[in-house]
Structures are given as C-alpha cells and as structure tokens.
Number of protein chains: 4
Amino acid sequence: MSDKIRVTVWGENVHEKTHAEVAQVYPRGMHQHIAEVLLQEPEKFEVHTATLDQPEHGLTPDILARTDVLFWWGHAAHDQVADEIVARVQALVWQGMGLVVLHSGHLSKIFRRLMGTACTLTWREAGEKERVWVCNPGHPIAQGLGRYFEIPSEEMYGEPFAIPAPDENVFISWFEGGEVFRSGCTWKRGNGKIFYFRPGHEVYPTYLQKEVGQVLRNAASWARPEGSRWVDGCPNIPVEQAPEKIVSKGGSVH
Amino acid sequence: MSDKIRVTVWGENVHEKTHAEVAQVYPRGMHQHIAEVLLQEPEKFEVHTATLDQPEHGLTPDILARTDVLFWWGHAAHDQVADEIVARVQALVWQGMGLVVLHSGHLSKIFRRLMGTACTLTWREAGEKERVWVCNPGHPIAQGLGRYFEIPSEEMYGEPFAIPAPDENVFISWFEGGEVFRSGCTWKRGNGKIFYFRPGHEVYPTYLQKEVGQVLRNAASWARPEGSRWVDGCPNIPVEQAPEKIVSKGGSVH
Amino acid sequence: MSDKIRVTVWGENVHEKTHAEVAQVYPRGMHQHIAEVLLQEPEKFEVHTATLDQPEHGLTPDILARTDVLFWWGHAAHDQVADEIVARVQALVWQGMGLVVLHSGHLSKIFRRLMGTACTLTWREAGEKERVWVCNPGHPIAQGLGRYFEIPSEEMYGEPFAIPAPDENVFISWFEGGEVFRSGCTWKRGNGKIFYFRPGHEVYPTYLQKEVGQVLRNAASWARPEGSRWVDGCPNIPVEQAPEKIVSKGGSVH
Amino acid sequence: MSDKIRVTVWGENVHEKTHAEVAQVYPRGMHQHIAEVLLQEPEKFEVHTATLDQPEHGLTPDILARTDVLFWWGHAAHDQVADEIVARVQALVWQGMGLVVLHSGHLSKIFRRLMGTACTLTWREAGEKERVWVCNPGHPIAQGLGRYFEIPSEEMYGEPFAIPAPDENVFISWFEGGEVFRSGCTWKRGNGKIFYFRPGHEVYPTYLQKEVGQVLRNAASWARPEGSRWVDGCPNIPVEQAPEKIVSKGGSVH
C-alpha cells in the first residue's frame, strides 16, 4: 500500500469551454493544471481529477473512498451540483476526508453547508495586485513562503466574509484597490480538516505561480485524514447495555 | 415600542396528538407550555407560538420579522419541515435572530444546517435520572441555578455528540445509567446566537420543572439580537469605487 | 443605583511628559482624552481614569470593584506595572470585568497573561494611512461605522500577530505601505470579555477621530459584564456531600 | 537522524519520596513509569525524564531543544518551579513544542500561563470509579479505545473547570459520586499543541492501566510539532522596506 496522499481535484470545467481567455490560461482545464501542480511532488501525492459533466460529477462512492483530500473549484454552476453528491461529500468530510475549497468555491453548496453561513463577500474584477500575508509563519500551510507573496493580477475579494470564526487564519490579503480579505482559513467539521484558499480567478494564471503551488501542496498535506474514519449515527443503547445498572421507568414514545 | 424580547416558540405538535401520555403531560401542546414558562416573566418577554401544521409552519416572513428569539422543538417530523422555511429561518439567524434548539431538535434541519455536522448522539429511553452540571456559574444562561440540578426522569443522550466545537459549554449532564453529554452549548452563525439545550423528552414533565424554566428564560434573554441586522450579499465594488485609485487590467469573465 | 457602565481608563502617562509632540496632541494625557471621548455619551458611561504613577497604579481593589470595563493604554513602561496589580486585574477579568486593550497594549503584562502567547507583531512608524475594514457589519462593536474608515496617519502594525485565534475578528486594517493586521479582535477569559483595538499611536490624534471614538464607546458597551461575578476556587467536595452516595476507598495524600 | 518523537517527561517527584503509598504504586517515580508506558512503542518514541530537583529542573535549553513533546505532572510544588524555566518552556510551546499536562498539572504555572485563566475545579479524594467517555471516536488521541473506559479508583475532578473554551473536547468523565468533568481537552498556543488529560492521581496506579497508556502514547503522537519552529519577535520594518513605496510623515517617538 502506498503512503501517498490521494488527492481528487474537482473542477467545474465550465468557463474553460465557454471563455476563450480561460482556455488560453488553462488549456487542459483548471482541474488538470491544479493536479499537475500537486504532482510536482510526485513522491507525496497521487492525484485524480473529476468534473461536473461526468456521471455523479466524477465523485462516485468508489472514487471518494480512495480520496484523502478533495480540492474544489467551482464558480458558474454551483447550482448544478446535485444535492445527493453534496451530501455524500459532506458525510465523508465528517469522517475525516480533507477538503480544500478554492476561490469562488466560497459559494459552493459543499462549503456553505459545512460552514452553516452565507459565505458572501465583496468583489471586483480588475486584475489588480494581491499581496498575500502569512499570519503564522510556523503553520504547516505556510511553509516555504516568505513573509508574503504577491500575485500580479487577481480578482479582489473583500471583507465582510460571512464565515464562522476560523480555527486559524493563515493568510490575509492586501489588495491594490484598498481592500483586505481573510484569504486562508481553517476549520474542522467532524474529523475533516477544511482549508479555504482565496486566490485563483480563472482568467489569471494564479495556480501556475510558484508560491500558490506551494500553498496547494502544503494544504493537501495538512488536510490529510488523521485518526480514524468514524461513521456517526444515532445508536440506541438498550437499558441492559447501560454502563450502570438501571431499571426502566416512566413513559415511552419509542 | 416595547423593550420586551419577542419570542416565537415553534413546536412540532405531533406527539401531543398521537401519544396519550404526551398529551397528558403537555395538554396544551409542548409549544404552549414552553410559552407559558417564558411568560412567568411577563415583563421580559412577549411570546407567540407556531406549529408545523400551520401555513408556512407558522413561520411567515411577517411573524419572523417580529421574532427576536426562536425556540425550536421537533422530533417525529423533521423531514416535513419545508426546505424553503428552513432557509428563511437560517437567513434570519445570520441577521441576528437568536435560536434556542431543544432536545430532539438536534436532528432538525435548521440545527444541522447551521452546524454543518451530523449532530448525532447515542440515546436510551429509560426514564433515568439526569444531573445537569453548570460548567460556568457566571454565564448568563446559568444564572439562578445552583452548582447543578437534577431531572428525575429523562431520556438519555450520550456522547459522542457530533457537533463543531461549541463557543462555550454551559452545561454537561451526568446520567444514572452511566453516560455523559454536553447538554448546553453555544455557537454563533452570522450574528445569530444559538443555544442547544438537551433536556425535554416529550413523555416527562421536564419543561414544567423550575430549574429548566429558569434556563429557558435565561436562554431567551441571552440569545436576543445585539448590534444590527446586517443582510449579507455579494456586492460588486466597481473599479471607480475602489478606495484606492486603480486601473482595470487583465481578463474578465463578468 | 445608576445603570451606567462604569469605565476606568488606565493610561501609562509617560510619553505625554517626556515627548513634546505627544503632549501637544494629548495635552491632558491620553487617558483623559479617551475618557472624554467616552463621555460624549454621558447617559451611557461613568468614567474614571487611573495612571501608572498613582499608588497601586490607580487600580486599588476599591476602584476596580467599581469598574465594569477597564481600558488599557501602555507603551514605554509595561515592565513597571507591578505583577501584583496585574494579577488583581486578571482575577477581575475572570469574574466578568470587561477589558479593552489599546494599540501598544498588545505587549502589556495583562494582555499577554490573558492570551498566553507572545502577542508580537511587526511595526513601522511612518505616519502612513490606515484603512480599517469592518469584517462583520452587524457586530455591536461595528455599529455606526460604514464599510471602513480611514486614519490619515498611523503607526503600522503588521502580521504575524502572535495571538490565539480570536473568538471574532471585527476589524482588519489595510496599510498604505502594504501590510495588513487583525485590528479588532475579541476573546473571553473566564467571564471577562476582551477586545483588542489596534489604532492609537501616541503622536497622532487618532483617539480624537470621530470613527475611533465610536469604536471606543461601542467597545465599552459590548464589554460590560453579563451574568454574575463568579469567583473561581478549588473547593473540596467531601464524600458526604457527593451527589451520589459513595464510600471512600483507596489511598490518600490529603 | 531518527524519525522518533522525542518526549521529555517532567515529574515533580515529591510525593514519591514523602508518601509511602505513592512510592509503592510508582516505585521508580511517576515520571519514570510514564516514560516506560510511552516506551511500550519504542519504534515511535525516544523518551527522557526530568524532575524538579535537578539543575534547572532538568529543563535546560539543551534538553528542551531536543524535546518534541513535553509531559508535565506536578501537584505539591507548583510554586517551586522557577519563573525563568516556565518562561523558557512557554516560549518553546509557542515555537511548536507539544505539551501534555497531566492531572494536578492543571494548577501548574505553565498551564495557567498558557491558558490565561484560573484553571480551578472541584475535587474529592475518595477512590471512586471514573468512566472516561470518548467525545470523538475519530480523533487521533482516542484511537484504540472503545466508546469509554473505566478507572476503578480515582480522585474526582468536577466542573466548573475554569479554562478557555477548548479547541476540542476529546474526553468527558463520569464519576461514581455524581460529577462530570472535561477530562481531555486540546488547545493551540502559538504553534504548540496542548493536551490536558485529567486522570492520574498519585495514589492510584492509573498510568499503569492499559487504556490510559494508550491515551498517553496517542497524545504524544498528536502533539508533535508540525510546520516549522517560528520564533516570534517584534521586528521593525523600515520605511524603505515597506512593500509599497511610502514616504515617512508625521511625528515619531522612536
């Protein structure tokens, strides 16, 4: 058995077909390019891709069973993701599967369901400079970066970002146009580790940038399952199996 | 204008009609009895009730607009609550409406959507003794109680309770049969304060007990909205409205 | 009895005497000017001041007993604050006294002891522009502000800010020189609500700015004690007072 | 270089010399027995011990530099631990060293300084039964245990436990005498992972029990450093090193 972290990169793969400039930046589809970035450390990762247009969006039970960490990029078609598949992914996150949500994935069904909030923000598409600051240089996701790194052209996302308080805020972005944003945040839902990473608008070659690739690989390592895949349920504990001896009394509806 | 906290108590009101022993304990319906418990401090609260069988489950936009804190008790019919109403309640919680989720409401759609987790637990219906411990005697929800209080007969809920780490754990229960449970937990989603309170199985007169009533009234006061009702959205900030002067560059999909 | 929130503003009051330009901006001492800003809502607040050079730094048990919320500004003389006074303040925070730590107070003994971390950051004194963004427009501390406000000249504080993850991040600052900072953060320690607010370098008239005053008053209201002043201790519960009847067995060192 | 986790077990080693019954249970000193329990997985851990009576309490800079995870058991002599050593340990926790605080260590200087709270609780020494419940069966620290495990005789610790809200509550204890307690809690301070584990009163052979040993080894693995050892400081960023070109303006005290 391999010790590699098994990553599935899910891409919506819509804009790549409908917008020439996206296809020019990511000719093999964003999912494929992100996969290639992870595979720059082939000894660490085993990477598959999945897209919206595949049966079950490429996220069959079998594929997810072999996924340690799921990456999620979507933008134009959040509503086309079937609720059943979202529920399937969510249950696996609870069981420990890591989830890395990228950029416009902040409005994806899976992210909003795990957060329980609106996950809204402000935005501007002006290709302005983004400077991503490291809030904790010792954090696993921040390894190999300096104090900050810059992305020459990006879409702006600004506060307020309607999320529950993150477990940790790893990155905060400074934008040329004057805004700020919590660009790298972690949470845990069940036993799944979740990382939201802001950069990655489809018309800019953000995921091909060295520092961004470093973050993606760091995040994939950080989000891998720990412990064991506990499947929650609502088991009844019969009276005779109570740790202390008791006798049933009172009413019952069951 | 009144300074009273406007509470709406939502009750599923199913078991009261189908189980004689529930009707015997709560002849006017659980929602009505809970409302009466809150109204033991009439100077503090203005209380309405709503039930599943009413149009829009009694949770019309108009009624919710006049609700500071919503209490939620459900058990047998979680699935019959319309998704549209759940989304409506959730959006209002984000805007600051308080939510007090009672007992079997742990599996309600609204609680699970706000938590983002399975909210499962273990359980036993044996009418055993429950001792509810106060983890923080200074907390607003714990005022007027001693170090603990006992409920003579209750359904047991046991760990693991599949919730995100609470902001605060106000109560933990000890059960006669040997289990423990995080019985009083707080979270914030958006600007809404959420309190989950475990006790309240429908066949026992739990909500009529003095200490439990105290907790319900404390919780209603604690969960009232603070600040203002911010409605989140995803506003575009045009280039000309950027705080710093910038010029648009690069590609665009919008 | 008054319903006003009783605030004590503690000021180090050192730079005001040693640096002419500080004395020029804050001729009555920073503590006094901050007090005056709070008293712009005299119906809400009753305000006293205390300084390092007073007996017990002006923080006698009697004065603290009449303090709902303590404001803390210090910079040059953190080490001159007696450990005994710090312990006294800390114990009162645990009992519910609010604490608002301002600017260079990030390195004060009281803040570092409550946080448990180094509370370090990066800094630059260049009088650059600071834009303070609201991360949650519905939060009580953000009321009466727009989406952001600007301070024309401030000292820069930059990430990494070595704090435990805040309960809530109310403000994030954008600096002209390119940095970002978590400028408004909340925590709870015991029952005391703590707010750290970044702006307020002594050579600029920051606390005299309208929006900053609004934040100070909002923070004073938000941080007031809730619940009751529980004094923690380590009480022994004798065997005969155990809630369940038990018989002592096994060894003992007590 | 070894990949083993380097653990230092710190024991106060006072009761072992002054109380015959403690010496009988732990003839080689508690620290030594805890070390032996960890070494039941010799391929995973490299273990040293340190005690109060050694120079610098056995916690020299050199020894700590070779420590990935520090275990801490103290009870009778918390005040005899030098402040300088406490500060040294605390700084290393911030840099990523793991810390496992055992039982009466809840009142140790190091734990209280990292928490920022009183860390008090209620207690009873009656040798009663403790049942330790797993709140999250998938958590790394809970691996290899069942739904719960029992310790035949233990000191009781009861709520309220005056701690900041834990990042995760892994265990909650049920006591024969009727109390409950958050027995296994995690926090992060700086980059150091901290685990508090309740059981381990010195007159009972708790650390020799199989399940308890499993928890200790799990905790040692969980608490190992991740990322890198970032040493925080307060660096000045000169104007000419600002990421954006700015010109200094306004006053200065530096």
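**Where chain D meets chain C, and some local features**

The contact between chain D and chain C draws on 64 residues from chain D and 62 residues from chain C, with contact meaning heavy atoms within 4.5 Å. This is a predicted model, in which local features need pLDDT of at least 70 and side-chain atom pairs count only at pLDDT 80 or more, while totals for chains, interfaces and linings use all residues. Residues are numbered from 1 along each chain as its sequence is written, chains are lettered from A and ligands numbered from 1 in the order in which they are written, and side-chain values use heavy atoms, leaving out hydrogens and water.

How big is the area buried between chain D and chain C? It comes to about 4500 Å², and carbon and sulfur atoms give 59% of that; buried area here is the accessible area (1.4 Å probe) that two parts lose on being put together, summed over both. Between chain D and chain C there are 26 residue pairs in polar contact, both at pLDDT 80 or more. A polar contact is a pair of N or O atoms within 3.5 Å; within protein, one must be able to donate a hydrogen and the other to accept it, and residues adjacent in sequence count only if both atoms are side-chain atoms. On the side of chain D that touches chain C, at least two residues each come from α2 (20-25), α5 (83-94), α6 (109-115), β5 (122-134) and β6 (148-158) of chain D. Helices (H or I, at least four residues) and strands (E, at least two) are DSSP runs, numbered from the N terminus. The largest share of this side, 8 residues, is supplied by β5(D).

Over in chain C, Arg131(C) sits in strand β5 (residues 122-134). Is Arg131(C) buried or exposed? With 0% relative accessibility, Arg131(C) counts as buried, where buried means under 20% relative accessible area, exposed over 50%, and partly exposed in between (1.4 Å probe, protein chains only). The side chains of Arg131(C) and Glu150(C) are joined by a polar contact of 2.9 Å. Leaving out residues up to four places away in sequence, Arg131(C) touches a set of residues that includes Gly178(A), Pro243(B), Glu244(B) and Trp174(C).

Chain A has its own buried spots. Val22(A), found in helix α2 (residues 20-25) of chain A, has 0% relative accessibility and so counts as buried. Val22(A) and His201(A) are 179 residues apart in sequence, yet their C-alpha atoms are 9.4 Å apart in space. Beyond neighbours within four places in sequence, Val22(A) is in contact with residues including His15(A), Glu202(A) and Val253(B). Helix α7 (residues 210-222) of chain A is mostly covered, with 10 of its 13 residues buried; among them are Val212(A), Leu216(A) and Trp222(A).

Most residues other than glycine have a negative phi, and most peptide bonds are trans. The bond joining Glu159(A) and Pro160(A) is cis, with omega about 5 degrees, and Pro160(A) lies in the loop between β6 (148-158) and β7 (168-175) of chain A. In chain B, the peptide bond from Glu159(B) to Pro160(B) is cis, with omega near 5 degrees. Cys119(B) has a positive phi, near 60 degrees, and is buried, with a relative accessible area of 0%.
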